[in-house]
Amino acid sequence: MSFTAKRIGLQLFLWTCLTLLLLFLAIPVVAILTASTPNELIRSLQDEVAIDALLLSLRCTLIALLIILLVGTPTAWLLATRSFRGRSALTTVIELPLVLPPAVAGLALLAAFGPLGLFGGFFESAGIRLVLETAGVIVALVFVASPFYVRQAQAAFAAIDRETLEASRTLGAGEGRTFLHVAVPTAAGGLGSGAALAWARALGEFGATLMFAGSLQSITQTAPLAVYDLFGTNLVGAEALAAVLIACSAALLLVSKLSLQRSGYGDVQR
Amino acid sequence: MFSADLNGKVGKFDINALLSVDSGSCTALIGPSGAGKTTVLRMIAGLHPVDSGTIKFGSEVWFDSSARINLLPEQRSVGMVFQQFALFPRMTAIGNVGYPLSHLPAVERDQRAHELLVMAGIESVAKQYPSQLSGGERQRVAVARALAREPSVLLLDEPFSSLDGDTGALLRSLVAEKIAANSIACIVVTHDPADIDGLATTTVRLDSGDARMLP
């Protein structure tokens, strides 16, 4: 076979692989979006179960994201700027929920914070209930989504030129001011990307929430749980909610990618 | 008077440097690449560990290994111009220069930063970000920023290397004026004979970590 024929053959193979994978991934998404007419979808979204689920999802994911940002940003800074014994082990523990099966995550949360769990007594004596409560949903969301943010934030902080941070210190700024005024703005693209990914993960969370917080309408039934609930009784309603979740996830993924693209210093605008 | 007795390590070799610089004057630190010149500046600024010795400015002790004194970088009155400028990418030129003046009210801070930009001849790029500046403009912002804090000790690492002859000479003379007017002790790492002639009054040569005063 000639060199040109080999080259064309390889190109054909690569593009075929891409096309097959693209079709495999895109067809189910398109199928959901086209399963019902727009009117049916809009009517279904006016259903009480759907509205409750969407509002609860929005509320819980925003609170979870806020907690992740407030605790995850300093954590990522510490991991990115300090060398200490056991740092790799610590990072592995923080990243573990990334690879845990969601049902296992739910079970682990029950074992830790459930009524009969490790800290169940402590929470009970403090009058805090998590299982079958909205607070439990937020705990589950923080558990599964925080590694997505911390991982990205750690990489963003580690990518800052060390001398930039040192310059801040020689100009009279302590570590706190350097973190807030130099590190966070410089890493903003990476932080934004991580936040969007974490939000998307929280929005799609199903297994851990179901195991730990249950699926009670307007209390713990988030949009993915409502999709599952509606699946048996109202397929069009389930498809409508699924379409909203697809749109939100796609938008967040796009935001994440754009944030990363804009994290280069060259595109800072006046 | 600034004085430093520095003993530490960088990479494979030891650094042993004894420096003293009068206030209002400048010492050039010269030597081959990799001799440890930048590390000496970083030790003085508190950015690189010193194993033993002392760093003092007048009666202020910044580092004394025997007395276990080791001030943080922000506690030492230094202004440092890094070789790669180390400007803050998300701040404009005037934001960079105003950064060390955070203790001043905003209007006064901007006015002072603007004066320094005028001094460096780059007031026209005040609102531009580092990515929008040329190498020479970035270097001038870095020099203006280091002077903004009115430091006791000015540490310059190849400070005029990106500037053309005339601009370099102009900024060199402005820095020399500031050093004299504010009684700053300055140490400049350089390969440029113009810095030694135009700025420095004494020269110290660093070879494989050992400093030696040149006549």
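## Exercises on a two-chain predicted model

In chain A, the axes of helix α2 (residues 38-45) and helix α13 (residues 235-261) approach within 8 Å and cross at roughly 90°. Axes here are lines fitted to C-alpha atoms, for helices over the stretch in contact, with angles from 0 to 180 degrees between N-to-C directions. Helices (H or I, at least four residues) and strands (E, at least two) are DSSP runs, numbered from the N terminus. This is a predicted model, where local features need pLDDT of at least 70 and side-chain atom pairs count only at pLDDT 80 or more, while totals for chains, interfaces and linings use all residues. Residues are numbered from 1 along each chain as its sequence is written, with chains lettered from A and ligands numbered from 1 in the order in which they are written.

**Exercise 1.** Work out how α2(A) is oriented relative to α13(A), and which residues make the contact.

*Step 1.* Now pick the residues: α2(A) brings A:Glu40, A:Leu41, A:Ser44 and A:Leu45, and α13(A) brings A:Val236, A:Gly237, A:Ala240, A:Ala243 and A:Val244. Contact means C-beta atoms, placed from the backbone, within 7 Å.

*Step 2.* Sort them by class: six are nonpolar, two polar and one charged. Nonpolar covers Ala, Val, Leu, Ile, Met, Phe, Trp, Tyr, Cys and Pro; charged covers Asp, Glu, Lys and Arg; the others, Gly among them, are polar.

**Exercise 2.** Describe the contact between domain 1 and domain 2 of chain B.

*Step 1.* On the domain 1 side, helix α5 (residues 165-181) of chain B gives the largest share, six residues. That side holds eight nonpolar, three polar and one charged residues.

**Exercise 3.** Find out which helix of chain A gives the most to the side touching chain B.

*Step 1.* Count the contact: 18 residues from chain A and 20 residues from chain B.

*Step 2.* In chain A, α8 (162-170) and α9 (175-186) each supply at least two residues. The most come from α8(A), with six residues.

*Step 3.* By class, the chain A side has seven nonpolar, six polar and five charged residues.

Methods:
Two residues are in contact if their C-beta atoms, placed from the backbone, lie within 7 Å. Angles under 35 degrees count as roughly parallel, over 145 as roughly antiparallel, 65 to 115 as roughly perpendicular and the rest as oblique.
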